[in-house]
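Visitor: Could you walk me through how to read the features of a model like this one? I would like the general idea each time, then the case at hand.

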Amino acid sequence: MGEAERGESAPRLRIVFWCSNGHETQPSFASDAQVPDTWDCPRCGFPAGQDRDNPPAPPRTEPYKTHLAYVRERRSDADGEAILAEALAKLRGEI
């Protein structure tokens, strides 16, 4: 089924976006559609903007933390020693 059977296609705009890695992408939008400020780069996944000289910064990813790292953020070494002493006393039947 060709374009002749479907009718005329909607007028389109090609907008150029650049990511912080210098990748260029040109998605097309309907001429009456609202163009977004950012677009995900299909090559690296970073956000891309319309300003070539000032693209959006890549998202900052936090490194993976273990359960122990989270516990150490909440508890001091003294707290840990007290909890350990209490648990050992309970196991030994002192409490």
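**Reading the model**

Guide: Among the elements of the protein chain, helix H1 (residues 3-6) has the lowest mean pLDDT, 70, and strand E2 has the highest, 97. Here pLDDT is the predictor's confidence in each residue, from 0 to 100. Helices (H or I, at least four residues) and strands (E, at least two) are DSSP runs, numbered from the N terminus. This is a predicted model, in which local features need pLDDT of at least 70 and side-chain atom pairs count only at pLDDT 80 or more, while totals for chains, interfaces and linings use all residues. Residues are numbered from 1 along each chain as its sequence is written, and side-chain values use heavy atoms, with hydrogens and water left out.

Visitor: What does the protein chain average in pLDDT?

Guide: The average is 90, and 95% of the residues score at least 70.

Visitor: How many aromatic pairs does the structure hold?

Guide: First the rule: rings of Phe, Tyr and Trp (its six-membered ring) pair if their centres lie within 6.5 Å; planes under 30 degrees apart count as stacked, over 60 as edge-to-face and the rest as tilted. The structure holds 3 such pairs. One of them is edge-to-face and joins Phe-17 to Phe-29, at 6.5 Å centre to centre with 65° between the planes. Phe-17 lies in strand E2 and Phe-29 in strand E4 (residues 28-30), so this pair ties together parts that are 12 residues apart in sequence.

Visitor: Is Phe-29 buried or exposed?

Guide: Buried means under 20% relative accessible area, exposed over 50%, and partly exposed in between (1.4 Å probe, protein chains only). Phe-29 is buried at 10%, and Phe-17 is buried at 0%. Phe-29 also forms an edge-to-face pair with Trp-39, 5.2 Å centre to centre and 85° between the planes. Since Trp-39 sits in strand E5 (residues 39-40) and Phe-29 in strand E4, the pair ties together parts 10 residues apart in sequence. Trp-39 is partly exposed, at 31%.

Visitor: Which residues is Thr-25 in contact with, leaving aside its neighbours within four places in sequence?

Guide: Contact means heavy atoms within 4.5 Å. With those neighbours left aside, Thr-25 touches Ile-15, Val-16, Phe-17, Trp-39 and Pro-42. Thr-25 lies in strand E3 and is buried, with a relative accessible area of 13%. His-23 is in the loop between strand E2 (17-19) and strand E3 (24-25), and is buried at 15%. Apart from neighbours within four places in sequence, His-23 contacts Phe-17, Trp-18, Cys-41, Arg-43 and Cys-44.

Visitor: And the charged side chains: which residue forms a salt bridge with Lys-65?

Guide: Side chains of opposite charge can pair when their charged atoms come close. The rule asks for a side-chain nitrogen of Lys or Arg within 4 Å of a carboxyl oxygen of Asp or Glu. The count comes to 1 salt bridge: Lys-65 with Glu-73, whose closest N and O atoms are 2.3 Å apart. Lys-65 is partly exposed at 32%, whereas Glu-73 is exposed at 51%.

Visitor: Where is Leu-91 found?

Guide: Leu-91 is in helix H3 (residues 77-92), and is exposed at 73% relative accessibility.
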